[in-house]
Amino acid sequence: MQTRTVIPLVPHDHQPAPMTSHPMPANGKKFFIWTMGCQMNEADSQKVAAMLQEVGYRKAESENDADIVILNSCVVRQAAEDKVAGRLDYLARLKREKPEMPLVLTGCMVTRQQEKLKQRFPHVDLFFNPSDFDKLVAVVPELEMLEDDLASLPHYYQPQLSGNKVGVSAFVPIIYGCNFVCSYCIVPYRRGKETSRPFSDIVTEVERLVDNGVREVTLLGQTVNAYGYDLEEKSSLSRLLTAVDKIPGLERLRFLTSHPKYMGDDVIDAIADLPTACEHMNLPVQAGDNEVLQRMRRTYTRDLWMERIATTREKIAGVTVATDIIVGFPGETEEQFMQTYDMLEHTKCDKVHLAMYSPRPGTLSSRWEDDVPHEEKWRRHQELEKLQLRVCTELNAVRMGETYEVLVESKEKGRWTGRTRGNTLVHFDDDGETDVLGKMVDVRINHTSPWFLMGEAVSAPR
Ligand code: SAH
Ligand code: SF4
């Protein structure tokens, strides 16, 4: 492949122009990327968008006016897989109308052996594994012009995420894959072993993002706090956070998702001590019963998770906590479910990502009987939803009258929306005069609800 230096791109008007930017002139072609699933997929899509922009493609408004459509899939749960399949069926019609338009499937639906996928979706022109970005060259020959190793292309391009969200927040993958083998999880089969990116590449990437107007960075990994153990020159998440925190101009630093087993005091101390590290802890627990945790192969106990959360709260004033839970795991009894209920009632998380168990092909638990009926999974899900409604009502009520720094992400129906450092959603009214999109505004809270806060701006935007 011919080599060419890749330079930061500027996505839209909200960001200052980079010092040096020479993407190829527009070639008249447009791309459309449809992304499902986690932030890692979001980041991968941003990278693909960056590559295509770099060689002259522009973003299409919809799949209908695109010259290439890329579907970035998620199969972590059956419901997600069904959605991808539905979308691919819909795209089959478009493909009949525009047979020359390449249709590409990437993300976690793409297995190493692709024969079955090819049979199931014959209208897809290319399947590529999330780590094999350079495969795209088969349908976008212009990519020959990019660097040899396309996977090393930094993802400078920050697209508008949805609606009118601005690109002041960026995702930066720091570790790919996962070395755990949780019995229900398909991720290690699709994403492979843990591979940390070199420390200096990450720091350089964040520096460039900040130069391009990014104010908030979220470091990503399936086990983000396992960062650095696999590197020749050993490193760690806390060391990386310390280095990234020093980058001038960066205002907020986050990371997800952490594994309880790797949540050392060094990471908690880093959040407590580093000015940019946001007071938020995302630590998936999955279940509150030790026997279920053991069958999930989570490698820790309920007490370890609770202790980590207690320590986090001791050391970090005002910290918010998020976790993930699966209900209806094979063999989960009512008593075992109640252990999860009690744990959440006791711990009071600001956010719980709830999922009903679904067997995933190839995983250990898929060989066990999926013996909790769907209606029972749904009931347990609803029970926890109700609990969270009560817990979040309580937690947010305490925030009444407080003032929070909000990074504004979007505007809808005359109301601005953004997030606090603790990741709580805040709405406030537009005064009709000041554009605060992408700005920090201090907001005094005058209304609380379980899911968001509302208030009035009490500072000039900055
Ligand atoms: N690495 C993270 C989570 C990755 S998967 C961790 O260790 O927790 C994202 C979420 O999807 C998980 O937290 C889990 O709650 C959910 N999930 C994964 N596999 C699932 C399955 N088979 N059924 C239901 N939910 C699942
Ligand atoms: Fe899946 Fe477990 Fe790895 Fe998380 S830690 S990605 S749940 S195998």
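The largest nonpolar core has 67 residues. By a nonpolar core I mean a set of buried Ala, Val, Leu, Ile, Met, Phe, Trp, Tyr and Cys residues joined through side-chain atoms within 4.5 Å. Buried stands for under 20% relative accessible area, exposed for over 50%, and partly exposed for what is in between, with a 1.4 Å probe and protein chains only. The residues with the most contacts inside this core are Ile174, Val206, Leu219, Leu237, Phe255, Ile325 and Leu384. Helix 5, residues 199-211, supplies the largest share of this core, five residues. Helices (H or I, at least four residues) and strands (E, at least two) are DSSP runs, numbered from the N terminus. Apart from this core lies another one, of 25 residues, with Val69, Val75, Ala85 and Phe121 among them. As a general remark, nonpolar side chains tend to be buried together in soluble globular proteins.

Before going on, the conventions. This is a predicted model, in which local features need pLDDT of at least 70 and side-chain atom pairs count only at pLDDT 80 or more, while totals for chains, interfaces and linings use all residues. Residues are numbered from 1 along each chain as its sequence is written, chains are lettered from A and ligands numbered from 1 in the order in which they are written, and side-chain values use heavy atoms, with hydrogens and water left out.

Which residues does phenylalanine 255 touch, not counting residues up to four places away in sequence? They are Thr218, Leu219, Val224, Leu237, Leu241, Met263, Val267 and Ile271. Contact here means heavy atoms within 4.5 Å.

Now ligand 1. It is surrounded by 15 residues, and the closest are Gln222, Gln286, Arg298, Asp324 and Ser358. A residue counts as near a molecule if one of its heavy atoms lies within 4 Å of it. The shell around ligand 1 divides into seven nonpolar, four polar and four charged residues. For that division, Ala, Val, Leu, Ile, Met, Phe, Trp, Tyr, Cys and Pro count as nonpolar, Asp, Glu, Lys and Arg as charged, and the others, Gly among them, as polar.

Next, some atom distances. An N or O atom in the side chain of glutamine 286 is 2.7 Å from an oxygen atom of ligand 1. For arginine 298, a polar side-chain atom lies 3.0 Å from an oxygen atom of ligand 1. At serine 358 the backbone takes part: one of its polar atoms is 2.8 Å from a nitrogen atom of ligand 1. On its own, ligand 1 has 540 Å² of accessible area, and the protein covers 90% of that. These areas come from the Shrake-Rupley method with a 1.4 Å probe; for residues, only the protein chains shown count as cover. Strand 12 (320-327) and strand 13 (351-356) are the elements that give two or more residues to the shell around ligand 1.

What residues are around ligand 2? They are Cys178, Phe180, Cys182, Tyr184, Cys185, Val187, Pro188, Gln222, Thr223, His259 and Arg298. This shell divides into seven nonpolar, three polar and one charged.

Next, the backbone. Leucine 256 and threonine 257 are joined by a cis peptide bond, with omega about 0°. Threonine 257 lies in the loop between strand 10 (252-256) and helix 7 (265-273). Arginine 297, in the loop between helix 8 (290-295) and helix 9 (302-315), has a positive phi, near 60°. Threonine 299 is also found between helix 8 and helix 9, and its phi is positive too, near 70°. For context, most residues other than glycine have a negative phi, and most peptide bonds are trans. Arginine 297 is partly exposed, with a relative accessible area of 34%; for threonine 299, also partly exposed, the value is 41%.

Finally, two more residues. Is glutamine 388 buried or exposed? Glutamine 388 is buried, because its relative accessible area is 5%. Glutamine 388 sits in helix 11, residues 374-397, and touches Cys349, Asp350, Lys351, Val352, Thr393 and Trp451, again not counting residues up to four places away in sequence. Glycine 432, in the loop between strand 16 (425-429) and strand 17 (440-448), is exposed, with a relative accessible area of 62%. Its C-alpha atom is separated by 7.9 Å from that of glycine 414, 18 residues apart along the chain.

Note on methods:
A polar contact is a pair of N or O atoms within 3.5 Å; within protein, one must be able to donate a hydrogen and the other to accept it, and residues adjacent in sequence count only if both atoms are side-chain atoms.
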